[in-house]
Amino acid sequence: MYFTPTSSSWRAPVEQWFAELTAKKLQRGVHCSVQALEHDIRAWLADGKRKARPFVWAKTADEILDKVAAYCKRISDSGHYVGLGPACEWNSLVGRKA
């Protein structure tokens, strides 16, 4: 079985987006019709696109790969993980030493 942490899952940003939509438009809004609700949501989406800004990585690729390699080493040495060899063979994939 493979576990994907919530923080790295594609569902987390989707859930955050729906939570923001709910908090900003659905809970506080008054809509007399489905069309009014749809118009309000579309206006909110258009405003969000105008305010969009690119994602800026806080860490370098080397820092991220080092952290993944350390995690792989930790789980492969735990005695609970069966399958891949030492350090999940990750280090050999990225050309690093454990």
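This is a predicted model: local features need pLDDT of at least 70, side-chain atom pairs count only at pLDDT 80 or more; totals for chains, interfaces and linings use all residues.
Helices (H or I, at least four residues) and strands (E, at least two) are DSSP runs, numbered from the N terminus.

Residues are numbered from 1 along each chain as its sequence is written, and side-chain values use heavy atoms, with hydrogens and water left out.

The structure holds 5 salt bridges, a salt bridge being a side-chain nitrogen of Lys or Arg within 4 Å of a carboxyl oxygen of Asp or Glu. One of them joins Asp40 to Lys25, with the closest N and O atoms 3.7 Å apart. That pair links distant parts of the chain, since Asp40 sits in helix H2 (residues 34-50) and Lys25 in helix H1 (residues 11-26), 15 residues apart.

Next, helix H2. Glu38 and Arg42 meet at 3.0 Å, N to O; they are 4 residues apart in helix H2, so about one helical turn separates them. Asp47 and Arg50 form a salt bridge at 3.4 Å, and they lie 3 residues apart in helix H2, about one turn. Asp47, Arg50 and Lys51 are linked in a salt-bridge network.

On accessibility, buried means under 20% relative accessible area, exposed over 50%, and partly exposed in between (1.4 Å probe, protein chains only). Arg50 is exposed at 63%, whereas Asp47 is partly exposed at 27%.

Last, the cysteines. Cys32 is exposed at 79% and Cys72 is buried at 10%. The whole structure has 0 disulfides, meaning pairs of cysteine sulfur atoms within 2.5 Å.
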